[in-house]
Amino acid sequence: MSVGMAAPRAPYACDPDRSRGRLVTEPPSRTRSPFRRDCDRVIHSTAFRRLKYKTQVFVFHEGDHYRTRLTHSLEVAQIARALARQLGLDEDLTETLALAHDLGHPPFGHAGERALAACLKEFGGFDHNAQTLRVVASLEHRYPEFDGLNLTWESLEGIVKHNGPLTDRSGAPVGRYREHGVPVGIAEYIKTYDLELWSFASLEAQVAAIADDIAYDAHDIDDGLRAGLFHLDDLKVMPLTAEIIAETAAHYPDLEDVRRGAELVRELISHLIGAVFAETGKKLAAVKPQSAQDVRRQSQALVAFPADVAEEEAAIKAFLYQHMYRHERVMRVMGEAEQILFDLFAKYLKSPSELPPEWLLGSEADDEGDRARRIGNFIAGMTDRFALTEHQRLFDSTPDLR
């Protein structure tokens with residue numbers, strides 16, 4: 001099958017008619033599948049709308065054309081749906097996971113995550129996947145019969161495990177969780193609703209995860225070029241981007257830099273999608289899964305880059321780390337952003353009455369850990385703009401973050 005054509009539903013796809021259901025049982029929709037319903041709930045959530053003013057790399061007021069968490073999530077969904085269509089997967093579940101994957105990110109990108117992790121170090125730490133689970137399981141208050149969005153088991157599984165298992169069959173943490181353990185929000189939730197942390201997630205979740213990598217590799221190059229953090233010719237140090245730049249020059253010798261950069265980003269996305277489709281096809285042909293459960297029982301992810309492309313993609317990440325994420329200008333702004341969240345956390349901890357009234361309901365019974373987690377949840381939900389406004393309200397001086 002050629003790339004771009006829709007495949008019939010594959011036997012290893014998640015079937016909405018065989019969903020494991022929701023924690024709180026609801027009557028089925030007359031017009032939507034369970035996974036389509038999940039996707040619509042994510043889109044209509046307040047947490048999703050707040051992504052509009054949450055940093056990807058550049059704070060929202062630094063320019064109207066830089067990516068935000070919202071536009072990033074839309075680009076991830078676009079790439080994920082393209083892969084899901086080619087592989088015969090459930091596009092609605094894939095889109096749900098792509099759009100939901102960053103709902104738990106705090107303001108100011110990874111700087112905000114570092115700040116909250118430090119603030120909550122003595123109270124279970126902070127993990128954005130665990131925070132996303134909190135958002136969809138309890139922090140959204142939109143429905144009369146339950147807190148959260150009451151998503152299907154398959155959506156919750158994908159949110160928690162899209163990057164792979166968190167434990168082995170005995171429950172021992174694995175991978176990046178080996179040192180500090182399973183995040184407290186996830187560990188607590190699975191006591192109520194077992195998400196089988198020892199297994200891989202569905203192919204739909206694996207597709208959403210790799211689409212995230214493709215999207216931010218491409219759009220961070222685009223944003224870095226726009227910001228002048230590096231120039232197009234700097235990207236010639238990597239064979240893959242050098243080849244695309246050379247091919248563009250051969251076809252369009254007089255093209256201006258803005259269009260050359262856009263062509264690079266477009267061709268890079270196409271190259272990476274095609275590589276994932278080819279490699280995943282080989283892995284599926286080798287193991288021949290006959291159900292979504294067969295996928296979960298595998299010893300490795302089935303959605304992947306080929307080895308040579310994985311090296312190319314890692315080189316792009318290394319370039320962006322050096323030339324963008326660790327750029328002096330970006331580091332200065334993010335350092336100031338971290339301090340804003342440190343200030344807010346300390347202020348709310350000392351003076352809880354500064355929290356909005358709805359965040360104080362039931363707080364009389366809080367111990368120190370409960371109070372810290374409540375404050376962490378409040379700050380994690382902030383947009384960049386609201387965090388700045390709150391800091392201006394509570395403190396005499398607030399950095400401009402430019």
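This is a predicted model: local features need pLDDT of at least 70, side-chain atom pairs count only at pLDDT 80 or more; totals for chains, interfaces and linings use all residues.
The largest cavity has a volume of about 60 Å³. Its lining is made up of Leu97, Ala98, His101, Gly158, Ile159, His162, Ala205, Ala208, Ala209 and Asp212. Two or more of these residues come from each of helix H4 (91-100), helix H7 (153-161) and helix H9 (203-227), and H9 has the largest share, with four residues. By class, the lining of the largest cavity divides into six nonpolar, three polar and one charged.

The second largest cavity holds about 40 Å³ of space. Around it you will find Val57, Phe58, Glu62, Arg329, Val330, Val333 and Met334. Five of the residues in this lining are nonpolar, two are charged and no polar residue takes part.

Now for an open space. The second largest pocket has about 1,100 Å³ and is lined by 45 residues. If you want to find its centre, look for Arg134, Ser138, Leu139, Trp359 and Asn377, the lining residues that lie nearest to it. Helix H2 (46-50), H6, helix H8 (184-189) and helix H15 (368-380) each bring at least two residues to the lining, with H6 giving the most, eight residues. The lining of this pocket has 21 nonpolar, 12 polar and 12 charged residues.

H6 also leads us to Asp127, which sits in the loop between helix H5 (109-119) and helix H6 (128-139). Is Asp127 buried or exposed? Its relative accessibility is 10%, and the cut-off for buried is under 20%, so Asp127 counts as buried. The side chain of Asp127 has a polar atom 3.0 Å from the backbone nitrogen of Asn129, and a polar atom of that side chain lies 2.9 Å from the backbone nitrogen of Ala130. Beyond its neighbours within four places in sequence, Asp127 is in contact with Glu113, Arg176, Tyr177 and Pro183.

Finally, take a look at helix H16 (residues 384-394), where Asp384, Ala387, Leu388, Glu390, His391 and Leu394 are buried. These residues are on the same side of H16, because they cover an arc of only 165° around the axis. An α-helix has 3.6 residues a turn, so residues three or four places apart point the same way. Helix H14 (328-350) is included in what covers the buried residues of H16.

Conventions:
Residues are numbered from 1 along each chain as its sequence is written. Side-chain values use heavy atoms; hydrogens and water are left out. Buried means under 20% relative accessible area, exposed over 50%, partly exposed in between (1.4 Å probe, protein chains only). Contact means heavy atoms within 4.5 Å. A polar contact is a pair of N or O atoms within 3.5 Å; within protein, one must be able to donate a hydrogen and the other to accept it, and residues adjacent in sequence count only if both atoms are side-chain atoms. The arc is that of the directions from the helix axis to the C-beta atoms. On a 1 Å grid over the protein atoms alone, a cavity is a set of points where a 1.4 Å probe fits but cannot get out, and a pocket is an open set with protein on both sides within 12 Å along at least five of seven lines; lining residues have an atom within 4 Å of a point. Grid points are joined across faces, edges and corners, and a volume is the space filled by probe spheres set on the points. Ala, Val, Leu, Ile, Met, Phe, Trp, Tyr, Cys and Pro count as nonpolar, Asp, Glu, Lys and Arg as charged, and the others, Gly among them, as polar.
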